[in-house]
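Here is a short briefing for a reader who is new to this structure. Look through the sequence and the model first.

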Amino acid sequence: MAKEPPPAAPPRTFGPVEDPADYVRPDWWRALFGSTYLLTDADVLDDPVTRQEVERFIALLGLSPDARVLDVCCGQGRHVLELARRGFTAVEGLDRSRYLIRKARETARREGLQVPFREGDSRKLPYAAASFDAVMLLGNSFGYFEAPQDDLRVLREALRVLKPGGRFLLDLVSGDYLRQHFQARSWEWLDEQRFVCRERTLADDSRRLITREVVTHTEKGVLVDQFYAERLYGRDDLEALLAEAGFAEIRVEGMHEPASARNQDLGMMGHRLVLTARAAKDRPALPKAALRPDRHVVVVMGDPRLADEVKVGAVFDEDDFYTIDLLKKALASLDGYRFTYLDDHASLPDDLRRLRGETDLVLNLCDEGYENDPRKELHVPALLEMVGLPYTGAGPQSLAFCYDKSLVRGVAREMSVPVAEARFLRPGDAGLDLSTLRFPVIVKPNTGDSSIGVTQKSVAYDAEELAEALVSARAIVGSERALLVEEFLTGKEITVGIIGNASAGYEVMPITEDDYSEL
């Protein structure tokens, strides 16, 4: 019988808090905008509110259905989707929250709307200069960053992607109003079983509003206890900031008061200022390099000068060099990037230190390991971290774990992930308890890389074949290596690629199947 997974740990709560500012993470916005956000702010995110807002924004910006429009910090895409429903053909949205972008894409697919949504940082927009007729920053999605300079970067990026004469719209709570009228404590029912309690206080300089939000279920107890802080900008502050960013024709278009169905605590979503501005029509054209300078990417690979035990004949062959050539040609086709290739491991530490000040990213393709030693695969990211270079791929600790199959199995079991039954054989072990192990089984090295030690003889269907498989494996990898005898799982072998980081969310790539029929 399968072991029942352990019960989920109760949500963490903080109890009485003397100073909420002490609990606000600098990057609180990375984790806040998930399903709970859609629940607590549902009264100002519904369809009637969205339709009213879109009607007003279209009029203020003078948008035509063929205008190319970007909604920065688009959340679940409610404004972009509403524009698409009204026949706008070139609208798109960007947001940092993977959860909200996924919700936006799901809605677009369900309604048959061809709307692109991208994950990204509003401080560094992934668009070319002069790409959009209009850029919108709506729903109080401004002032989240700890440093005010980051807010200015957001505005300058919006200006950069606007065409000359393009329009910008900012929809943001009035800091002047909120400093005088915020509710220090409030609570409201979200539905028949859940309610939210909020505590608010001003930072010492009165420039940020600190909020603690506790969502509680009548039967399950506390669901969420979270803290966040938003910078407060008044009318004069915003006009000055937009001017500093380089905008022209800055206008305050009045207030925006969403009509809440619950009509309770609107918090940061109530009493909002709406401002418009324009990108100057006569701003000088920037050279291509100034619009987006080439980004320098260093590619780290295995060393073809050294022996490599996982390759046929322990050397790089024609297939390896052909693959490397294809890689270089593909990367060379990318606009806006230049690449440097490092494959000489004797000078690799010095080369990385030399390039540290002029490298945007390291593409770590050295799965051979440092000096082509698979046991040293973790050394490459460790070296990159010591030098201080951002890189792709797993970190040193992850690679250290993954090299040991038995260790990975133990971690998976602790996480209630089912794994096949297996037996661990230390070097010199002669006996093997097969009483609870079902045939067929597969014999593999407990540590290793690239399927070294796994052959057609590795799968055994009875005890006699298992004995032969053990002898064969030890002949290949040596008697000093531990082996793993594991129940053989029949069926397709699939791979799922994942791009992203825990802090910013993931993008799951399409599933691929490995086809061994020609081997």
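Predicted model: local features only at pLDDT ≥ 70, side-chain atom pairs only at ≥ 80, totals over all residues.

Residues are numbered from 1 along each chain as its sequence is written, and side-chain values use heavy atoms, with hydrogens and water left out.

**Helix H11**

- Helix H11 spans residues 348-355. Helices (H or I, at least four residues) and strands (E, at least two) are DSSP runs, numbered from the N terminus.
- Leu-348, Pro-349, Asp-351, Leu-352 and Leu-355 of H11 are buried. Buried means under 20% relative accessible area, exposed over 50%, and partly exposed in between (1.4 Å probe, protein chains only).
- Seen down the axis of H11, these buried residues fall within an arc of 165°, so they line one face of the helix. The arc is that of the directions from the helix axis to the C-beta atoms.
- Asp-350 and Arg-354 are exposed on the other side of H11.
- Strand E12 (295-300), strand E13 (337-342) and helix H12 (379-387) pack against the buried residues of H11. Contact means heavy atoms within 4.5 Å.

**Sheet E6-E7-E8-E9**

- Four strands make an open, antiparallel sheet in the order E6-E7-E8-E9. Two strands pair if DSSP finds at least two bridges between them.
- Strand E6 (185-189) and strand E9 (221-231) are the edge strands, and each pairs on one side only.
- From one strand to the next, the twist averages 15°. Axes are lines fitted to C-alpha atoms, for helices over the stretch in contact, and angles run from 0 to 180 degrees between N-to-C directions.
- Strand E7 (residues 194-202) and strand E8 (residues 208-217) pair antiparallel over nine bridges. Leu-202 stands opposite Leu-209 in E8.

**Sheet E15-E18-E16-E17**

- Another open sheet has four strands in the order E15-E18-E16-E17, with antiparallel pairing.
- Strand E15 (422-425) and strand E17 (459-460) are at the edges with a single partner strand each, so one side of each is left without a neighbour in the sheet.
- Strand E16 (residues 441-445) pairs with E17 over two bridges. Val-459 in E17 is the bridge partner of Ile-442.
- Helix H14 (residues 405-414) lies across E15, E16 and strand E18 (483-487), at about 45° to E18.

**Arg-423**

- Arg-423 sits in strand E15. Arg-423 is buried, with a relative accessible area of 17%.
- Leaving aside neighbours within four places in sequence, Arg-423 is in contact with Leu-432, Asp-433, Thr-436, Leu-437, Leu-483, Leu-484 and Val-485.
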